[in-house]
Amino acid sequence: MSSLTASLVQSQPKSLSTRTWVRLFPILFFFCYLNSTVLLFAIGPWEFPVESAFRLYLFLALAHLALLLGYLSAAFRNPAEYSGKWTLSKLMKICVVGNLLLLLPTSHFRTGRFIPDVIGGITDPGGAYAQSFVLREGGGGGEPLIEYVRILLGPLLYMALPLTVFYWNELSRRMRIAGVVSILGTVALFIAMGTNKAIVDTVLLVPCLVFAANCAGKMKLSRTKMRRIVVASLLALLLSLAYFGFAVSSREGSMVGAGYFVATHTHADEDNFLVRHLPPDAATVLIGLDLYLTSGYYALSLSLQEPFVPMYGVGNSMFLYRQAARITGNAGIAELPYPVRIEKYGWNSEGLWSSIYPWIASDVSFPGTIVVVFLIGRLFALSWLDTLRGDNPLAVVMFSMFVIMLFYFPANNQMLQAGEALTAFWGTLILWRRSRRRVLTARTYARPAPLPA
């Protein structure tokens, strides 16, 4: 064993710094991102009357530290081998076919049309959003059977984008086309609904997956190609932000358009140094983005004032606590989550974002939430390492889910809030964990085996 250790160590020095940087980049990125949202909460154009700033910032500091430590607890392990029976080809065929078959009936239920009205969603996103909301709440008179089907197939429906992008070079031309059509169909559907989610998720995930594929050796990108991808990603981000600003300000009763936050009865400070020199449209986008990214911390500050009422696993998700209330006949269950209980302060648990923390705390308390965030960081690291290995498609999907979850940390419990996302997350997590064959850990050697730069 000692000779093997020596040979491994001797073969690694030139790649060690790069390998370490690749291992740590995801957590460094999100640690900076999450702390920047807290800074934006403190100095941005919206004023939030927090009763105990010390308590709020102490909790956020502990949560971010727990995420970092959880990630570091697994960051230098070796990735696990893939022992699953599902091949990339089978998963791609099933997820793409499933998405394409369900696209038209989903569009009909959510928008009233089988073919998504993309033009209408672009020109009048406020009207499209209002109409879609009525239809999804049962105003169309139809049964949401298609939504139940999507909930059951959640894990498969989510796979199309991560697998298409990450394994692009390994897919046939036909499968590439099918994957792109599936992705664009989902984006078109959400545009027709007047919402930004699919656009934002796609814009965030694609560059992350390209970066991951390059690090895993699945793509060989020259510096010129990398620069082009960066430019294209920035352009896509700017376009999505422009649509975001137009969409949210055009909705009836929009707080962004009015510059008024109803929960605190405060107006956005248009003289704030972040927006005072911006053109009106750009200022609207930043004000709206600030509200979406930071108002959840105000809800967190209110929730920290409330006593803990355990909900035993259903409090972290609107879908779960609504189903629990319906199945048991106990409507009081729906009044127990922290974001609902703070409505007495003027909050709106359904219309406003409360960050991920009060939702998790509804089941495990706020001290317990710190532990859960530690576990999220640890699983995020393991999914990244398995993704870098490149042979486990379920790890790629899981990594994508953690990326979305972390981007939405300041807003909501994105991957568990709705039924389809909830089954997608837990189903994929179970499948991924079962597909991992443990290998000799990095701690056995003086240094871990190298990963692709």
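The axes of helix α11 (residues 197-215) and helix α17 (residues 357-389) come within 8 Å of each other and cross at roughly 55°, where an axis is a line fitted to C-alpha atoms, for helices over the stretch in contact, and the angle runs from 0 to 180 degrees between N-to-C directions. Helices are DSSP runs of H or I with at least four residues, strands are runs of E with at least two, and both are numbered from the N terminus. Because angles under 35 degrees count as roughly parallel, over 145 as roughly antiparallel, 65 to 115 as roughly perpendicular and the rest as oblique, α11 and α17 are oblique to each other.

This is a predicted model, in which local features need pLDDT of at least 70 and side-chain atom pairs count only at pLDDT 80 or more, while totals for chains, interfaces and linings use all residues. Residues are numbered from 1 along each chain as its sequence is written, and side-chain values use heavy atoms, with hydrogens and water left out.

Where α11 and α17 touch, F211, A212 and C215 in α11 meet W384, T387 and L388 in α17, a contact being heavy atoms within 4.5 Å. By class, this contact of α11 with α17 has five nonpolar residues, one polar and no charged; Ala, Val, Leu, Ile, Met, Phe, Trp, Tyr, Cys and Pro count as nonpolar, Asp, Glu, Lys and Arg as charged, and the others, Gly among them, as polar.

A second pair to look for is helix α18 (residues 393-407) with helix α19 (residues 419-434), which pack at an angle of about 140° with their axes 9 Å apart, and are therefore also oblique to each other. Among the residues that meet here are L394, M398 and F402 in α18 and F425, L429 and W432 in α19, and the contact divides into twelve nonpolar residues, one polar and no charged.

The structure also holds twelve salt bridges, each a side-chain nitrogen of Lys or Arg within 4 Å of a carboxyl oxygen of Asp or Glu. One of them joins E81 to R437, with the closest N and O atoms 3.4 Å apart, and this pair links distant parts of the chain, since E81 lies in strand β1 (residues 81-82) and R437 in strand β4 (residues 436-437), 356 residues apart.

Finally, the confidence of the prediction deserves attention. The mean pLDDT, the predictor's confidence in each residue from 0 to 100, is 88 for the protein chain, and 91% of its residues reach 70 or more. Confidence is lowest in helix α1 (residues 2-10), at a mean of 37, and highest in helix α3 (residues 53-72), at 98.
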